[in-house]
Amino acid sequence: MTTEVRASHILVKTEEEAKKLYDEIKAGKDFADAAAEYSLCPSGAAGGDLGFFSKGMMVKPFEDAAFALEVGELSEPVETQFGWHLILLTGKN
(Lines give C-alpha, C1' and ligand atoms only; values in the text may rest on other atoms or scores of the structure.)
Protein backbone atom coordinates (compact mmCIF):
# COMPACT_ATOMS: atom_id res chain seq x y z
CA MET A 1 0.00 0.00 0.00
CA THR A 2 1.21 3.49 -0.87
CA THR A 3 1.92 5.50 2.27
CA GLU A 4 3.59 8.50 0.66
CA VAL A 5 3.55 10.18 -2.72
CA ARG A 6 5.73 12.84 -4.28
CA ALA A 7 4.00 15.36 -6.45
CA SER A 8 4.49 18.61 -8.27
CA HIS A 9 1.64 21.01 -8.88
CA ILE A 10 0.60 24.18 -10.60
CA LEU A 11 -1.86 26.44 -8.78
CA VAL A 12 -3.96 28.92 -10.77
CA LYS A 13 -7.06 30.99 -10.00
CA THR A 14 -9.55 29.67 -12.56
CA GLU A 15 -10.68 26.38 -14.01
CA GLU A 16 -10.27 27.90 -17.49
CA GLU A 17 -6.58 28.62 -16.81
CA ALA A 18 -6.07 25.11 -15.43
CA LYS A 19 -7.71 23.49 -18.46
CA LYS A 20 -5.61 25.57 -20.87
CA LEU A 21 -2.39 24.59 -19.07
CA TYR A 22 -3.52 20.95 -18.94
CA ASP A 23 -3.94 20.94 -22.72
CA GLU A 24 -0.57 22.66 -23.24
CA ILE A 25 1.25 20.17 -21.00
CA LYS A 26 -0.47 17.21 -22.65
CA ALA A 27 0.68 18.66 -26.01
CA GLY A 28 4.31 18.73 -24.84
CA LYS A 29 4.88 21.87 -22.73
CA ASP A 30 7.29 21.12 -19.88
CA PHE A 31 5.46 20.84 -16.55
CA ALA A 32 8.25 22.46 -14.51
CA ASP A 33 8.49 25.37 -16.96
CA ALA A 34 4.72 25.88 -16.77
CA ALA A 35 4.85 25.77 -12.96
CA ALA A 36 7.63 28.35 -12.83
CA GLU A 37 5.75 30.62 -15.21
CA TYR A 38 2.15 30.31 -14.01
CA SER A 39 1.85 28.79 -10.53
CA LEU A 40 0.64 31.05 -7.73
CA CYS A 41 2.28 28.72 -5.18
CA PRO A 42 5.84 29.44 -4.02
CA SER A 43 6.69 25.87 -5.10
CA GLY A 44 6.47 27.10 -8.71
CA ALA A 45 10.05 28.35 -8.41
CA ALA A 46 11.09 24.69 -7.89
CA GLY A 47 9.05 23.47 -10.86
CA GLY A 48 6.06 22.90 -8.60
CA ASP A 49 7.77 20.19 -6.52
CA LEU A 50 6.07 19.58 -3.18
CA GLY A 51 8.30 16.67 -2.14
CA PHE A 52 6.91 13.56 -0.47
CA PHE A 53 3.77 13.75 1.67
CA SER A 54 1.49 11.28 3.37
CA LYS A 55 -2.26 11.21 3.83
CA GLY A 56 -3.55 13.94 6.09
CA MET A 57 -0.90 16.49 5.08
CA MET A 58 -2.77 18.11 2.18
CA VAL A 59 -6.35 19.29 1.75
CA LYS A 60 -8.64 16.35 0.94
CA PRO A 61 -9.47 17.03 -2.75
CA PHE A 62 -5.76 17.51 -3.52
CA GLU A 63 -4.74 14.44 -1.52
CA ASP A 64 -7.42 12.24 -3.09
CA ALA A 65 -6.34 13.24 -6.59
CA ALA A 66 -2.62 12.82 -5.89
CA PHE A 67 -3.00 9.36 -4.33
CA ALA A 68 -5.18 8.20 -7.27
CA LEU A 69 -2.49 8.99 -9.86
CA GLU A 70 0.22 6.71 -11.22
CA VAL A 71 3.81 7.95 -11.35
CA GLY A 72 4.22 10.23 -14.36
CA GLU A 73 0.48 10.86 -14.65
CA LEU A 74 -1.01 14.37 -14.83
CA SER A 75 -4.32 15.05 -13.11
CA GLU A 76 -7.29 16.80 -14.61
CA PRO A 77 -7.85 20.19 -12.90
CA VAL A 78 -8.61 19.78 -9.17
CA GLU A 79 -10.42 22.48 -7.19
CA THR A 80 -9.54 23.31 -3.58
CA GLN A 81 -10.13 26.38 -1.43
CA PHE A 82 -6.79 27.70 -2.76
CA GLY A 83 -7.76 27.59 -6.44
CA TRP A 84 -7.29 25.09 -9.26
CA HIS A 85 -4.41 22.61 -9.33
CA LEU A 86 -2.77 20.42 -11.92
CA ILE A 87 -0.94 17.60 -10.15
CA LEU A 88 1.91 15.57 -11.60
CA LEU A 89 2.77 12.48 -9.59
CA THR A 90 6.54 12.00 -9.49
CA GLY A 91 6.99 9.23 -6.91
CA LYS A 92 5.41 6.69 -4.56
CA ASN A 93 6.67 4.96 -1.41
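A residue is called buried when its relative accessible area is under 20%, exposed when it is over 50%, and partly exposed in between, using a 1.4 Å probe and protein chains only. This is a predicted model, in which local features need pLDDT of at least 70 and side-chain atom pairs count only at pLDDT 80 or more, while totals for chains, interfaces and linings use all residues. Residues are numbered from 1 along each chain as its sequence is written, and side-chain values use heavy atoms, with hydrogens and water left out.

Two aromatic pairs occur in the structure, where rings of Phe, Tyr and Trp (its six-membered ring) pair if their centres lie within 6.5 Å, and planes under 30 degrees apart count as stacked, over 60 as edge-to-face and the rest as tilted. Because the planes of Phe53 and Phe62 stand at 50°, with the ring centres 6.2 Å apart, this pair is tilted. Phe53 also pairs with Phe67, in an edge-to-face arrangement with 6.3 Å from centre to centre and 75° between the planes. This second pair links distant parts of the chain, since Phe53 belongs to strand S2 and Phe67, 14 residues apart from it, to helix H3 (residues 60–68); helices (H or I, at least four residues) and strands (E, at least two) are DSSP runs, numbered from the N terminus. Phe53, Phe62 and Phe67 form one aromatic cluster.

Strand S2 (residues 49–54) also holds Gly51, which counts as buried because its relative accessibility is 18%.
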